[in-house]
Structure formats: structure tokens, C-alpha cells
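The sequence and structure come before the text.

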Protein chains: 2
Amino acid sequence: SVNPDLASERQTASFSVEKLTALLDGGAEQTRMRRAVVEAIESDPVFSRENQYFQTQNERYEAAVRKAVHLQKKMHEMGWTENGPEYKYIYRALSGDVAFLLHRIFMRSISVLGSDKQIAKWIPLATQHKLIGSYAQTELGHGTYLQGLETTAVFDTATQEFILNTPKISAMKWWPGDMGRSATHTVVFAQLYIHGKCYGIHPFIVQIRSLQDHSLCPGITAGDIGPKMNFEHTDNGYLLLKNVRVPRENMLSKFCEVRPDGTYVRQGSQKINYFTMTSVRISLISDEVLTPLMKACTIAIRYSVVRRQSKLKPGEQEAKILDYQTQQEKLLPQLAAAYAFHFSNDYLQELFNRGYREIQKKNFDMLPELHALSSGFKAVITQHCTAGVEICLRACGGHGYSLLSGLPSLYTKILASCIYEGENTILLLQTARFLIKCFMAASAGQPVPPSVTYLAAVKHGKCPAKNKLDFLSPDIYTEAYQHVAVRLTSSTAAKLQDLIQSGVKKHDAWNQCTVQLVQAAKAHCHYIAVKNFAETVEKLETKAGIQKIMKHLCDLFALHGIFSNTGAFLHDGYTSAAQMDMVTASYLDLLAVIRKDAVPLVDAFDFTDQSLNSALGSYDGQVYQRLYEWAQKSPTNQMSPAYERYLKPLLHNTLSKL
Amino acid sequence: SVNPDLASERQTASFSVEKLTALLDGGAEQTRMRRAVVEAIESDPVFSRENQYFQTQNERYEAAVRKAVHLQKKMHEMGWTENGPEYKYIYRALSGDVAFLLHRIFMRSISVLGSDKQIAKWIPLATQHKLIGSYAQTELGHGTYLQGLETTAVFDTATQEFILNTPKISAMKWWPGDMGRSATHTVVFAQLYIHGKCYGIHPFIVQIRSLQDHSLCPGITAGDIGPKMNFEHTDNGYLLLKNVRVPRENMLSKFCEVRPDGTYVRQGSQKINYFTMTSVRISLISDEVLTPLMKACTIAIRYSVVRRQSKLKPGEQEAKILDYQTQQEKLLPQLAAAYAFHFSNDYLQELFNRGYREIQKKNFDMLPELHALSSGFKAVITQHCTAGVEICLRACGGHGYSLLSGLPSLYTKILASCIYEGENTILLLQTARFLIKCFMAASAGQPVPPSVTYLAAVKHGKCPAKNKLDFLSPDIYTEAYQHVAVRLTSSTAAKLQDLIQSGVKKHDAWNQCTVQLVQAAKAHCHYIAVKNFAETVEKLETKAGIQKIMKHLCDLFALHGIFSNTGAFLHDGYTSAAQMDMVTASYLDLLAVIRKDAVPLVDAFDFTDQSLNSALGSYDGQVYQRLYEWAQKSPTNQMSPAYERYLKPLLHNTLSKL
């Protein structure tokens, strides 16, 4: 039975929840297919997530391997394939709690970087799981800066082999997933040396464990890097190589080859590599970043209409905490951001697909823009969503802090997304480099990619809003965001030029501008996100209340951004103080409007109880009962040796004998 | 041997690290005593924190109990007492990783709320550990709002007993520490009923476990609430009472008594209770909030001079990451905040001591101010420091995400401080209520407490700064902070009045202003923190470079606050855009100045390697070696059954037989 405090929230939805779900899925047919996958996965007890919060790292790893192996059977049984339309729903249905994800990256790297011969040899072995692959790039002392990697691969013409070594401790491979305990093979990135000359970083397929008994191969030291904030199910590993020899054929050689005599041959374009990183950054947004935020919103908002605390009006019942303005101000902007970034993701996907089609025609023109946008959005979305999940967690008070709420593990997992696949600050600086370049080009009248043409139009106008309702006009707020992005880019470009002209060396000048460059890059992405959301809303069907509620969310997303960052808009007087007060008024008004639809808006995300795995967020809102039931199953409620060993002697005053 | 990249940082300190440590400790004698305690604790293997990151919740609990019991012996051996000067250093030396902290609260509540007779009976039993106490206030469905608690205690005149019950699931006691597995007794807060009439919340001593065999007493259901984000060492518990009878003498009766015939007598002032909460909020700041931030700064800053990544100048060695402006901008403001809030804490302690002396003279005049400041500062400091620890964690990239860095557990622990002892938003609203009241009084010419007299002086001036160096003048920035605090308070007071005058009911009007009230409360505390830091710096001795570096940190703290919140200062034109650019310039200049002393500034916190328990932050900076050594000890490097069960069948293609 549904908690009446939750049930009442669903009766007043201003829109069709089912229609909104279909919109998010990309059509009713997609919704149907997704639900079928979820049903098949969740009805299979091997994939259960019960008791997950009680498991040790070892138990989590074992469960993930068990699930990965079982998934092979399941896919066969269901007729699902890795390239089939259902595949993307499987990972979501498993909440990522499965092993061998790096095995897929291993395969992808061979497909992209390997010669046809290498692909023909390795891909079937990997597909049939005759080996388990990993991807060993990051080192203990080297992450972002690939040129700095220290692992070496020296070509030995005598034996036609590469000799791989870890010359010092900072060169150990560190972090690769599936490598700590599972993998038999890995792609090692190492500095290639031929006849004493260094040719830079190249990828080599290296076997690390026996296919017979899984023992480490000669010269290999490998293991698990130990406990982390999350990803207990993944065996992130370390790898130390000592004179490990691999045949010449094991260097992935689509782009570079070493001939038997040691001649180094570079062939083809490496630009596609660039594109691979872009593809990974975009693809992680949906599963690793948006889904956790949507789950956190679902949990925190459902809980906030079930939890009653203090009185809003004297003499009445205690109030639902979502009726407090401060609680609305915590949660509803996160909900708006989840929708906003869902549509940003659609935008990036579309751009990516267009880029991919162009690349197939050997046209690489879109790459810089795509790289800048995917880098910037990866950083902005992961940062924003991580902060959002933390807000949801804290907004649930003590119960949010219990692992049983599901919020801590959502937080600790999403946090990693700010670090992996490009540390956010570094990514934003790449976006900024692109912006500065385009700004200079645009200022010089040269053509620039579509997403940055606005940089050419430096206007010194004022925001035309006359009352608070004007700030519900997308034109008004989109223009304001655009103005800020232009101002931050142009002023930082000017500072950079001033510094260089005053004699500061280029790299020093750049470093002295980086704090402001990061601000410019964020403003650019924020502008694009707002503009895209507004344009998306305009195109929505007006029926079933969908467009209206999405318009409210778009307004909230935009006004929250202004309200939280008023200085950027006030700085040069584009927005006046009086206008800022209008923004505040409209923003606070919107909270009360969206609050009414808050539960239907999270229901539309369509998470099952099993996928939420939260005592606070289940569909029926039976929060207290579930917390109690789950807590009773905790291993901390088994007998502890602490009583006999320590408490009893203490209480019986035999302390002196201890 | 110390990593040369770290060693070089120490050679150029602009001040005496030892002198700064003594300043932080409150004198060289205190430093000596603290180090003696640390030495005694850390040299005892029972208190070791080795392998802590590998332990399960059960193992952590057992270790905490073992340490707590052993501590009794140790204190006896060392001649330390609970009221002695060494006591405060013991908890810090143990990093809080010890059981029975609630036993102390149990004793304190009896001392404060109990009659002389009750104190004479229970305190000796507790002191001798003939029982283990807890403190059961919070319920599954009730935290902040004490009047909402649902546990009942009905007085039975026939037997002269109170009958305690948990009428429904939301009334279960939930969260009390030491109660899940250890406690034999607890103080239960329940609604008192006599002859069918409710007299509100009262405290009752209730035995929950047998002193003979630790089994649960009749009518008691109790256990552990399960896994949390941190505090694995604490057995936070649940408690369900079913017709549990306690004698009339077990109601703590310093302020209220139930006579044998059921007559309810209220005696004395309860204002002191108010004072107890204040005392707890202030006392937690140092150990639970500042220490974690100082540790996080130590770890992240030491790591940032050892970690080299990318090149700052072409052709040179890879740069220390602390040489990047963006890294400085992440870490150095956190360092400045740690110092700023250390001095805020001194200020609060002093105010508290003064208040305590007054109360002993039966003068309660200081209570409202003390309550408002302790609530506001508890919220602002916990929030700021939690964000700071998270920034430190993320600034260490992947290695920060490993538990072995120590940063994740600092984060997950400090996060709780935003929730316990008063949820931050609610505390800020209490501060805001005080501010509005004082603002109204001040506007009407009535006297107000010293910390808020500034509210009377609403000035509409402009910031007088003429160049970026002017923003290094404490008068200039303190005045700016004051201006913002007055503006936010007065504008919100005006909004509140407007709403009420326009017919909105008082409680609705209040709710509609709460987002802005929270802003005003934060601005007030931030202003006091800046002002206090500036005043503290002025009084420091000028020798040994201490005053100079503290002045830099004070400037950084103040300017970072303006830089991060420019809108508040720009809003009414108090600060112009040109002045804001000066702030930015001065702020960025300061980063480069303080960067030179960053390592000495964290060395002055004087944490031992054992208390940091971090592979990244040790004094010698041997980061990579330690990460590798520690990882090898992880239980995830033991044989896993996953190979035989799942991997082998998969690899040997016996999948179909699974």
C-alpha cells in the first residue's frame, strides 16, 4: 500500500507521466523495450542487489564477476546482442554493477588501433571470452599527461620482440579496471624505443595471467589497488613489468608499425583517436552521471513528501518537508538540472552522430568543436550533477547519511566521474583554449564553428526585462547567459594579450589566466545548455501538459543559474540590481509552482525499486518500515566477539586483569 | 628520506613553523603536552590505525570498543583524568576512533538534568563503568523538532512507575550511538502522561540490557541501524519499547518532578538546557570539523608538491601541480579557511566562557546572542569545511579517491557534521530569526547585543578602494562584508514586513523569506569571521614572520569570499565592477604569494603520519611507494573464489555447463 502522503502527490499531476517517460526514452517503443529488459534482469535472482550495502569489497567483486558471467547466458537466452537495441538498457538495469567493462574497452581499442590482421586474431578470442582483457594506460605517477608515461617497450631486432619494463615505481600501471584480479590480457601503453631512439607512446597487447591456472606470467607483478570510495565491484589493478617480451605483432599497428629491421613507419591519420575520447566522454554522461542524479532526485523528493517535520502553520499537523521553501530550493533546481542535462546530452549525441558521418567522409572539420563541447560538457555536467547528488543526500538529513538510503553510494560513484576520462579542470581549460582561439578568429572576421559564432557579436546592451514575468521569457535569459559567456571570454582574452604584450612569457601568461579561463568555459557550456533546453521546449508537443511543465523546468534551470551566480550578470551592468530582484522573485515563485508536480516529475524517470535500491525512495513511500526491515538484516546485528572480549570484563570490573 | 620535491618546500619558509604551531595550540607548553599525549597514544599498538581502511564495519566496531576499554587502563597508567588538561588531546590523538562517546553524553545529561540524588546514584556507576550509557532522543520519524517525538511515558500511580512505549514505527529511537550493541542503559526522551494529560518531553533512565549477560531486557527490542557513510566504529542503534516499566525515581528531575500522587511540579529555570546545546555545537567545531579540514589540507598540499604533471614551461621538467594557478585556487583558500575558522573558534570559546561566568551569576542576558552565533557558526563552518575537504579530495585526482589517501574518510566523516547537532538550514534560520529581531530593535533605537550593533548603522556609502592594493586593507574588506550583511538582513526584513502588510499570514511570510534569511545569516557569520581574523592578526607578535603570513591568509580568506560571491557585493553598487576586477587581481596575486609557504603552513598543524593515516600526505612525501606498499596488504589481494567459480569455467569455455 502506498503511503497516503505520497499517493496524494500523484493525484494532482498537471501532465501525463507516461507521456513524459516516453519523451525521455525517445519514444513509447523505446520505453516498452527498456521495461522488457529491466523486467528480464530484475526477475533473475542472480542479478539481485539485495544486501549490497552489507557486502565487503571482496563480496562485491565476486558478485560482479558472477553477474558478468551469468549475463552471457542471459543474453544468449534472451536473444540480445552487444550491438542490439536492448544492449544500452542492460547496463542501466544492472546499475553498472557488473564486471568486465574494461574487457569492452580492450576490444574497442583493438578495433580502433589494431590492424585488420590484429582485429581478425584478437576480437574473436575476446568475444568468446577465451581471454579477459583490460586497458593499461594510467600510471601511478601519470594520468592526464600521456606523453609523461614512463613504461618502456624496447624493440629487440634479434628476437623480433618488444621488451616491456616498468623502470621505476611511478611508472607502475595503476587503476585499470578488471586488471587487479580478473584480466588475462591487457593493452599496455608504453614509450617505444628502437635502436635507442624514443618514438613516443604506443599500445601493446600483453598477456599477464596464465590461461591455464590464472597465475601471473613471468616478469609480471599485478594485483588490486585496494579500497576506494566506491567501485568495490571493480578490481582496479596495478601492474609492474620486468623484461616482459611480446612478439612484434603485438604492437597495435593501424597507425604505426615497426618493421622487422626496426624501421618505424607511421601510416594513416591519428585524428580518429581524438574522436574516441570524445565518444567516451559523451557516452558516460547518460549512464554514469544523469542516471545517478535522477535517482537521487527520485529518492530525495519522494522522501520529502513522506517526511513530516515541524509545523508550518501553528495548530496544524507537522508539515511535509518539501513544503518548506528552503527544501524546495535544495531539491527542485537539481530536478531541473537533471532534465536540462538530459536534453544537453541529446544535443551532444546528435552533434556527435553528425560528426561521425562527416568523419566517415574523411571530413575532420567538426572535430575541434566536438572536442571542445564534449570536454566542457563532461566537466560541467559531472560537476553540477555531483553537487546535485550531494545536495539531495544532505537534504534527507540523517537518513540520507545511511547507506540504506542509497544516496551515499550514488554520491561516491558519481564523484569519480569528475576525475576519470579527463580531470574536469583540465577539460575546461581545453574548452577555454578553443574559445579563445575562436574569439580571436571571430574578432578578426574569420569563420568559426556554429556553437561559437555568438562570440563575434559582442554587444554592450542592457537586459531589457521590465518586470519579474519578463524573466520567464527564454529570449531574455538566454541572451543574458550569452552576454556573460562573451564577456568572460573576451575579458580573459584581453588579459592574456595584455600580459603577453607586457613581456610575460606565453605559458606563464596562460597559467595566470587559468582561473578565469575556467569561468569562461563554464559560462559557455551553461549558455549552450540553457539555449538548448529552451529550444527543445519550444519544439515539444503542447498536449498532455508536457510542454508547460518542461517550460517551468527550463525557466527554473535558467533562473537558478542566475540566482546562484548573480555577480557574473551584474558585473558590467547588463543586469541591474532591480532586475536581479525580479530574477529572485520569479525564481522563488517557480519553486512553489514546480513543487506541485515534483513527485510526478521524478516518477517519470521510471526507476524500479530494485534499481533505486533505497529505503527512502521506493514507489510506495513506506520509508520507516523499510529502514527498520533492512537494518535488521545488517551483519552488525549478529553477535559480536566484542562483548565477551571487552565489554564483559569491563562491566564485571575485571578490567585490571585485562 | 624525505622526497626532495617536498624537502625543498620547507627550506624557504618565511616564518617559524614551531612558533606557529605554538600559536595554534595556545602556547608552547600546550604544544609540549599535546605531543606527549600523542606520543603515549601512538606508541601503544592497541591504538594503531594500521589497516583501518581494510576493515569491515564489525571489525571497526570491535576495534573501537577495544580501544575504549584499553584507554581506561592507559589513562590510569599515565595519570590522566577526564577533567585533566591532557584529556582534550586524547580524543584528537585517537582521531575520534573510539567507542563510548555517548557514555559521556549520558553522564553529562544526568549531571545537567538530574537531581542531586540521581547524580549521586548514577554518576559513580557510570564513572566506574558498571554500566554503559547512551542517549536516546532522535526517533525514526523525528529529529529536529523535539516536540514531535512520539515515545510515551505514562505514570502509573499504583506501582509508582513510568510505563514506556513506542506507539508506532516512526517513534522508534534511531541513531543513538553506543546503543546498537554496547549500552546497558540509556536516557530516553518521551512524552510524559499523567492521568491522561500530556506534559511534554521528559528524560528517563532506562536499562536496556542485562548487566549479567548483556541480553535485552524484557520489552526491549534494540539493535544496530546498519551501514553508514562513516562512523563504522560507532554502533548507532534502534530501540523499541513495549510496556517497559521504570521506577518513578528514573525520570531526571532537576527541573520537573512527578510526585507519588501524580502531581507534576516544575522547578528552576530550564534556560540552562539551551546553553548545553550551545556548548555541544561549539565544542564539536574544533575536533570534528577543523581537524578534518586541516588534515585534508595537509594531505592535498603535500601531495601537490610531490605530484608532477604536464609541463608549465616547454622543455622543462613536468611541473609540481601546486604551481598551476587552478590548483592553488582550489587548495589555498581552504588553507586560509582552516586558519580563519580556527580563530573563529577561539572567539566563540571566549564568548562561551564569558557567557558561562554570567550564567553562574544567574545572568542569562548573553544566551540569545550566544545561541545565534553558535548556531550560525556551526552551520557556516561545517558547510565551508565539508566543501573544503571535498575540494582537497578532488584536487588529488584519482589517488584522492582511493581510501588509502585518507581523504574519503575525512570527507564522509565531516559531512555528518552538517546534519548532526542541528541540521544546518534550521540552525541558520534560528540565527536569522535573531538577526531580524535585532535589526528591528536596532532600527527602533533599542539596545542590541554587541555582535549585532552594526545592524543599526545602515550606511549607503560606496567602497572607497582605489586600486588593487587597497583590497589588502582589512578596513576595506571588513567594511564590505559588513555592508552586505546589513543589506541582506534589512532587505529581507523589509520583504517580510511587506508580505505581512499585504495580508500574507506571518508563518507563510516567514516561509517565503527563508531562502533569503539563510543568505543573511551566512553573511552575518562570514562578516564576523573576517572581522575576527583581521583583529586577531593585528594583535599577533610581529616577529618570526608569523603576523605577516597570517595577514596574507586573512586577506586571502576575505578576498576569496568576495571573489566567490561577487553578486552580493556588486548588487547595490557598494562595490563597482572596476573594484571587483581589483579584488580579482589581488586575490590571484595572493595565491602566488601564499603558495610559497603552503607546505610550512600545513606542517604547522603538526599532524603525525599516524594521525593523518594517508598514503599521500605523510611527512616524507614518499607517496608512490606507500600507495604500493599499502595496496599490497589489501584483502582484495588474497585469493578469490571468483576464479574457480566463475572465471575458470568462462575461460575454459564450460559456460554452458554453469
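## Model and confidence

The structure is a predicted model. Its scores are ipTM 0.97 and pTM 0.97. In chain A the mean pLDDT is 95, and 99% of the residues of chain A reach 70 or more.

## Overall build of chain A

Chain A contains 22 helices and eleven strands. Its C-alpha trace spans about 90 × 80 × 60 Å along the principal axes. The radius of gyration of chain A is 27 Å, which agrees with the value near 26 Å that a compact globule of 658 residues would have.

Of the 658 residues of chain A, 63% count as buried. When contacts in chain A between residues at least 6 apart in sequence are considered, 72% of them join residues at least 24 apart.

## How the two chains are related

The interface can be compared between the copies. Of the interface residues of chain B, 100% are also interface residues in chain A, so the copies meet through the same surface.

## The annotated C-terminal domain

The unreviewed UniProt entry carries the annotation "domain: Acyl-CoA oxidase C-terminal", which covers residues 474-651 of chain A. Over residues 474-651 the chain is 75% helix and 0% strand. The end C-alpha atoms of this stretch are 69 Å apart.

## The annotated binding site

The unreviewed UniProt entry also places the feature "binding site" at A:Thr138 and A:Gly177. These positions are spread over 40 residues of sequence but cluster in space, with a largest C-alpha distance of 10.7 Å.

A:Thr138 lies in the loop between strand 1 (135-136) and strand 2 (152-156) of chain A. With a relative accessibility of 28%, A:Thr138 counts as partly exposed. Beyond its neighbours within four places in sequence, A:Thr138 is in contact with A:Gly143 and with the run A:Met172, A:Lys173, A:Trp174, A:Trp175 and A:Pro176. A:Gly177 is in the loop between strand 4 (173-174) and strand 5 (185-194) of chain A, and is buried at a relative accessible area of 5%. Its contacts, again leaving aside neighbours within four places, are A:Leu102, A:Ser134, A:Thr234, A:Asp235 and A:Asn236.

## Residues with positive phi

Most residues other than glycine have a negative phi. B:Trp175, which is not a glycine, has a positive phi of about 100 degrees. B:Trp175 sits in the loop between strand 4 (173-174) and strand 5 (185-194) of chain B. Its relative accessibility is 17%, so B:Trp175 counts as buried, the cut-off being under 20%.

B:Glu421 is another residue other than glycine with a positive phi, near 55 degrees. The loop that holds B:Glu421 runs between helix 12 (407-416) and helix 13 (424-443) of chain B. At 38% relative accessibility, B:Glu421 counts as partly exposed.

B:Leu351 belongs to helix 9 (residues 325-360) of chain B. Is B:Leu351 buried or exposed? Its relative accessibility is 5%, so B:Leu351 counts as buried.

Apart from neighbours within four places in sequence, B:Leu351 is in contact with B:Met366, B:Leu370 and B:Leu373. B:Asn236 is 115 residues from B:Leu351 along the chain, and the C-alpha atoms of B:Asn236 and B:Leu351 are separated by 33 Å.

How values were computed:
Residues are numbered from 1 along each chain as its sequence is written. Chains are lettered from A and ligands numbered from 1 in the order in which they are written. This is a predicted model: local features need pLDDT of at least 70, side-chain atom pairs count only at pLDDT 80 or more; totals for chains, interfaces and linings use all residues. Side-chain values use heavy atoms; hydrogens and water are left out. UniProt positions are given in the numbering used here, feature names are shortened, and annotations may be inferred rather than shown by experiment. Helices (H or I, at least four residues) and strands (E, at least two) are DSSP runs, numbered from the N terminus. Buried means under 20% relative accessible area, exposed over 50%, partly exposed in between (1.4 Å probe, protein chains only). Contact means heavy atoms within 4.5 Å. The radius of gyration is taken over C-alpha atoms; the globule rule is 2.2 Å times the number of residues to the power 0.38. pLDDT is the predictor's confidence in each residue, from 0 to 100.
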